[in-house]
Amino acid sequence: MPLTRLIIQQFRNIEACDIELSSGFNFLVGVNGSGKTSVLEAIYLLGHGRSFKSTLTGRVIKNERDQLFVHGRFLNSDQFELPIGINKQRDGSTEVKIGGQSGQKLAQLAQVLPLQLIHPEGFELLTDGPKHRRAFIDWGVFHTESAFYDAWGRFKRLNKQRNALLKTATSYRELSYWDQEMARLAEQISLWRSEYVAQMSQQAEQICREFLPEFDIKLQYYRGWDKETPYQEILASNFERDQSLGYTVSGPNKADLRIKVSNTPVEDVLSRGQLKLMVCALRLAQGQHLTSKTGKQCIYLIDDFASELDSQRRQRLADCLKATGAQVFVSSITESQIADMREDNGKVFHVEQGQIEPI
Ligand SMILES: Nc1ncnc2c1ncn2[C@@H]1O[C@H](COP(=O)(O)OP(=O)(O)OP(=O)(O)O)[C@@H](O)[C@H]1O
Ligand SMILES: [Mg+2]
């Protein structure tokens, strides 16, 4: 579902930008601070409703402006061009418009524009806590199981209510009624996640063998509680511990994706360049899985492409991205770093002081 046109207004250092895009590679080349990451951030905002760099809208809106706009046109699965747009105000209000209809939800943006971001801070997927890996799994489940979004939302609400009840309950009986529904949702969510990981891991392990042939990398799903015991039993047997801690200790909100090399967590074994390749492999595998399951293509945003990678590894990643046939945005400080990736269908944009011009 490539973007054919991108309009950015009052976003970071970009006052106004209106560019026609390639459905293949789009390169953004410019010096430090010119606005390359800001273009990727604007596309990400169009697909997620938020930035990947800042949770505060005020930081993203151009200084001295009171709102930002990111608009575009994308090709839907029938190859029709449709408009899409988001407007954010300094007071925090957001408006989303898709196909000419306003009042759309952020989740609908994500449905229309599945994005994969690879950026220099993206190692957190492998090195930080499980929340990043849960988000990784849930991206895939969201795009392949239409009932997931509502079920996960309901689970989170019930979990919150349960945590409040734990503070006042005098016996487990007061919770057991609510726990039935929570357990039903937890089992369903976990089943979707484990099926997703089982399917996607095959693609991920295959790409890892190409990118990191020296390692035997294995992905393993952990559902957040003991794999032999039904969740309802866990909730009942953990009642006293949950109550003393004030929250529900085990559950799908503790799920993780364990990524190991010969039984050791990857972050303890791989170098920084190798970790970056591993992140790329995981993101590419998600994209491939999405296409094989739904026919949808995701858009890849790759910030600071050259960092951490030698030319041979850059070439390998570029070949893999080309093979997907997906739309790709790549930022780089110099043209020489992207020389290996240039292709007939590609477009190069020069970025300077917030101005984006095709070369
Ligand atoms: N709200 C804002 N209003 C105006 N300018 C801003 C705002 N937020 C950030 N900037 C400026 O926007 C510029 C663009 O930053 P950006 O991160 O896009 O650069 P870049 O081209 O990716 O640089 P690098 O190569 O160093 O990664 C920076 O100079 C930054 O100071
Ligand atoms: Mg940057």
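Which residues in H10 and H11 meet? In this predicted model, Leu277, Cys280 and Leu284 of H10 are in contact with Arg313, Leu317, Cys320, Leu321 and Thr324 of H11. Sorted by class, the residues of this contact comprise 6 nonpolar, 1 polar and 1 charged. Helix H10 spans residues 272-294 and helix H11 residues 311-324; the angle between them is about 5°, and their axes are 12 Å apart. Because angles under 35 degrees count as roughly parallel, H10 and H11 are described as roughly parallel to each other.

Strand S13, residues 347-352, runs antiparallel to S14 and is joined to S14 by 4 bridges. Histidine 350 stands opposite glutamate 357 of S14.

Glutamine 327 is located in the loop that connects H11 with strand S12 (328-332). The relative accessible area of glutamine 327 is 3%; as this value is under 20%, the residue is classed as buried. Two polar contacts of the glutamine 327 side chain involve backbone atoms. One is made to the backbone nitrogen of leucine 3, at 2.7 Å. In the other, a polar atom of the side chain lies 2.7 Å from the backbone oxygen of serine 22. Leaving aside residues up to four places away in sequence, glutamine 327 touches Pro2, Leu3, Leu21, Ser22, Ser23, Gly24, Asn26, Cys298, Ile299 and Tyr300.

Leucine 3, whose backbone nitrogen is reached by the side chain of glutamine 327, belongs to strand S1 (residues 3-11). Leucine 3 is likewise buried, with a relative accessible area of 1%. With residues up to four places away in sequence again excluded, the residues touched by leucine 3 include Leu21, Ser22, Ile43, Leu46, Phe74, Ile84, Leu113, Ile299 and Gln327. Arg73 is also among them. The C-alpha atoms of leucine 3 and arginine 73 are separated by 5.6 Å, although the two residues are 70 residues apart along the chain. Leu21, Ser22 and Ile299 are touched by glutamine 327 and also by leucine 3.

Notes. Residues are numbered from 1 along each chain as its sequence is written. Chains are lettered from A and ligands numbered from 1 in the order in which they are written. This is a predicted model: local features need pLDDT of at least 70, side-chain atom pairs count only at pLDDT 80 or more; totals for chains, interfaces and linings use all residues. Side-chain values use heavy atoms; hydrogens and water are left out. Axes are lines fitted to C-alpha atoms, for helices over the stretch in contact, and angles run from 0 to 180 degrees between N-to-C directions. Helices (H or I, at least four residues) and strands (E, at least two) are DSSP runs, numbered from the N terminus. Angles under 35 degrees count as roughly parallel, over 145 as roughly antiparallel, 65 to 115 as roughly perpendicular and the rest as oblique. Contact means heavy atoms within 4.5 Å. Ala, Val, Leu, Ile, Met, Phe, Trp, Tyr, Cys and Pro count as nonpolar, Asp, Glu, Lys and Arg as charged, and the others, Gly among them, as polar. Buried means under 20% relative accessible area, exposed over 50%, partly exposed in between (1.4 Å probe, protein chains only). A polar contact is a pair of N or O atoms within 3.5 Å; within protein, one must be able to donate a hydrogen and the other to accept it, and residues adjacent in sequence count only if both atoms are side-chain atoms. Two strands pair if DSSP finds at least two bridges between them.
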